[in-house]
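Hi,

Here is the structure I promised to pass on to you. Have a look at it first, and then read my notes below.

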Amino acid sequence: MTMLGKIWNWIDDRSGFSDVVMPMLEHVVPRDARWWYVFGSATLCAFIIQVLTGVALAMVYVPGGDAAYESLVYITNDATLGYLVRGMHYYGATAMVMLAVIHMTQVFLHASYKYPREMNWMSGVVLLFVVLGMAFTGQLLRWDANGVWSVMVAAEMAARVPFVGGYISQFLMGGETVGGSTLSRFFAIHVFILPGLIFAGVGLHLWLILRHGISEMPKADQPVDPETYKEQYEGRLEKTGVPFWPIAAWRDVVFSTIMVAVILGCAIFVGPPSLGPAPNPANIHANPMPDWYFWWYFAVLSMLPPELETYVILGMPILGAIGLFIVPMLSNRGHRAPSKRPWAVATVIVGATAFVVLTIYGYRKPWSPDFDVKPLPPEVVRSDDPNIQHGAVLLRDKGCLYCHNVDGFGGYRGPELSVIGDRLDRGELVIRINNGGYNMPSFASSLTAEELSQMVDFLLTRTDHPSAETEEKSSDEPPRGQQ
Amino acid sequence: MSDSPETRSPSSDEDRRGFLTKLCLGLSALIGAMITLPGVGFVLAPVFARPKQAWRKLGKLDEYEVGKTVSVEFKDTIDQPWAGVTALSGAWLRRVSENEFIAFSINCRHLGCPVNWVEDASLFMCPCHGGVYYEDGEVAAGPPPEPLARYTVRVKDGFVEIETSSVPLTTNDQV
Ligand code: FES
């Protein structure tokens with residue numbers, strides 16, 4: 001026997017690899033466990049990327065309020081391969097969140113959470129929330145202006161918890177304000193507490209898979225009956241099962257290879273997200289925005305009426321977590337096939353649509369004033385009258401254009417003004433601007449009478465009938481409803 | 001192994017087991033408490049610390065124009081040297097008259113984003129979810145539930161001074 005063989009035999013004998021581990025790897029799985037089943041292992045693989053790149057980053061990253069930003073700048077710009085490692089950690093996080101959600105959707109659609117795998121699902125739900133916590137705390141560790149403001153937002157949200165909210169946010173901030181202690185706390189949570197929970201959760205999750213076996217593809221004629229399920233499952237496995245390693249595992253490995261290659265590719269060709277401005281909490285020119293997987297929530301928060309807000313901020317994550325957690329308790333028997341579970345399919349479709357729509361909405365941020373609007377160009381103003389021209393200038397200077405759009409220029413928070421001259425007459429416009437209205441501030445105190453009339457003059461030129469441009473709308477025409 | 005099974009009755013064996021189980025559980029709890037309590041206290045201490053406040057000089061009185069609203073920076077009460085630039089807080093400061101100043105917190109009362117002062121429109125606007133405030137800090141539009149928070153400002157020996165305070169959490173007053 002070669003030397004290497006001897007060494008391996010020694011290791012194998014003492015560790016029990018062939019005796020204990022191999023049988024686990026070779027446990028029999030249903031033959032039909034095909035490409036549907038690769039997302040769980042890929043999530044685990046993404047986690048491994050996160051651990052390895054995370055450890056690497058932590059060797060250079062300085063978790064202190066004064067130096068974190070500089071250390072990240074160093075990692076990104078100067079450190080050998082730092083750009084790559086940071087990029088991998090970022091795209092790995094994205095992959096982990098996405099794959100965890102896809103994996104869960106697949107399990108839900110196939111009702112694999114039913115007897116006897118209820119606990120597999122529950123441990124998975126806990127893991128999902130821990131992963132989201134990792135994503136969020138990780139974003140703060142970037143510790144640029146965005147990161148700092150995200151802590152502030154997190155603290156404000158936590159403060160909405162009844163009675164103890166103030167304490168929770170002080171705990172998060174490590175004091176009264178965002179400062180030296182804050183980042184260290186998030187660092188500890190991100191690198192010790194949450195990863196510890198993930199390791200434990202993944203251990204449990206994997207153990208449960210070994211204990212109950214991988215579920216079969218759902219068949220319409222095989223509803224789950226806890227009385228007989230295990231026996232039938234074993235019986236079918238005996239007849240048609242295949243060992244996981246390597247007959248079923250190869251697909252997992254192929255898929256994970258592709259995933260890792262994509263992550264590496266993104267890290268090389270796209271690179272890590274750029275760092276924002278330095279983390280000075282006194283800098284008001286920050287425009288806080290979460291990472292993309294939280295945009296939908298960002299959109300929800302800005303659309304809510306204030307009275308509901310606290311309930312949603314606190315209720316949605318908690319109800320969401322509880323709702324998901326108890327899914328197997330609501331029904332752990334009966335049909336698994338999606339064709340027999342229209343409600344489950346509908347839930348997934350509605351959820352996915354809502355996510356996509358809200359994400360797009362969150363990205364566009366139509367509710368936010370657009371501070372960068374340019375002055376209206378002459379071809380939009382379309383007038384030689386200095387009064388009207390000045391009105392157009394005022395429209396931007398007074399901030400109207402931050403929220404209102406004129407022929408493609410300006411923000412989207414308020415109603416568009418491109419044809420406002422058709423909708424409102426002079427008197428109505430004056431009232432509107434002076435008094436404000438639903439979600440529009442009153443400008444009475446910040447406009448002189450002359451400015452007001454110039455602005456109104458300009459707005460009255462915004463009609464569908466360019467010929468009538470400067471004419472005032474005849475007063476006998478009934479005013480149309482305001483938006 | 002001093003006692004052999006024959007010399008002891010099954011019931012005393014059970015008693016012994018019961019006692020040892022309790023002993024182990026009790027001691028484990030004690031170990032757990034001894035290990036965790038100091039750490040928990042250490043981590044929670046900032047939550048229960050009394051809020052510290054301090055006066056910070058902003059600048060000479062004559063640097064500020066009456067009627068103007070400007071952004072100012074000052075060091076908050078955190079005295080940890082490793083806070084670096086994150087020990088700074090900001091405020092919007094307006095000289096209302098000869099000797100009167102108002103300072104608004106830059107934190108939007110909705111979820112804490114930094115509000116911008118738009119001079120020409122005399123409005124504070126929030127970039128996050130479209131909160132707008134009038135020049136006196138009252139809510140003009142959007143989701144914020146409360147007016148902008150204010151800092152205390154005073155003029156002392158020809159300097160404008162601001163009193164630091166904690167981040168204005170919307171529900172501070174509920175706790
Ligand atoms: S934080 Fe200002 S509007 Fe939401």
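Before the rest, some housekeeping. This is a predicted model, where local features need pLDDT of at least 70 and side-chain atom pairs count only at pLDDT 80 or more, while totals for chains, interfaces and linings use all residues. Residues are numbered from 1 along each chain as its sequence is written, chains are lettered from A and ligands numbered from 1 in the order in which they are written, and side-chain values use heavy atoms, with hydrogens and water left out.

Salt bridges

Back to A:Arg462: its side chain meets that of A:Asp407 in a salt bridge, 3.4 Å from N to O (a side-chain nitrogen of Lys or Arg within 4 Å of a carboxyl oxygen of Asp or Glu). A:Arg462 sits in the segment after α21 of chain A and A:Asp407 in the loop between β3 (405–406) and β4 (409–410), 55 residues apart. Helices (H or I, at least four residues) and strands (E, at least two) are DSSP runs, numbered from the N terminus. A:Asp407 counts as partly exposed, at 34% relative accessibility. A network of salt bridges links A:Arg382, A:Asp407 and A:Arg462.

Over all chains, the count comes to 13 salt bridges. One of them pairs A:Arg160 with A:Glu309 at 3.3 Å, N to O. That pair links distant parts of chain A: A:Arg160 is in the loop between α7 (145–158) and α8 (165–173), and A:Glu309 is in helix α13 (residues 306–325), 149 residues away. Both A:Arg160 and A:Glu309 are buried.

Another joins A:Glu451 and A:Lys398, at 3.8 Å from N to O. A:Glu451 lies in helix α21 (residues 449–460) and A:Lys398 in the loop between α17 (386–397) and α18 (400–403) of chain A, so this pair ties together parts that are 53 residues apart in sequence. A:Glu451 is buried at 18% relative accessible area, and A:Lys398 is buried at 7%.

Cysteines

How many disulfides does a search of the whole structure find? It finds one over all chains (a pair of cysteine sulfur atoms within 2.5 Å). The disulfide joins B:Cys113 to B:Cys128, with 1.9 Å from S to S. The torsion about the S-S bond is about -75°, so the disulfide is left-handed. Both B:Cys113 and B:Cys128 are buried. A:Cys266, by contrast, is in no disulfide, and the nearest cysteine sulfur, that of A:Cys45, is 15 Å away. A:Cys266 is partly exposed, with a relative accessible area of 25%.

Nonpolar cores

The largest nonpolar core has 55 residues, of which A:Tyr61, B:Trp92, B:Val115 and B:Phe124 touch the most other members (a core is a set of buried Ala, Val, Leu, Ile, Met, Phe, Trp, Tyr and Cys residues joined through side-chain atoms within 4.5 Å). α7 of chain A gives the most to this core, with nine residues. A second, separate core of 34 residues includes A:Val381, A:Leu395, A:Ile420 and B:Leu123.

Chain B helix

Finally, an unreviewed UniProt entry places a "transmembrane region" at residues 20–48 of chain B. UniProt positions are in the numbering used here, feature names are shortened, and annotations may be inferred rather than shown by experiment. Over residues 20–48 chain B is 100% helix and 0% strand, with the end C-alpha atoms 40 Å apart.

Best wishes

How values were computed. Buried < 20%, exposed > 50% of the residue type's maximum accessible area, 1.4 Å probe, protein only.
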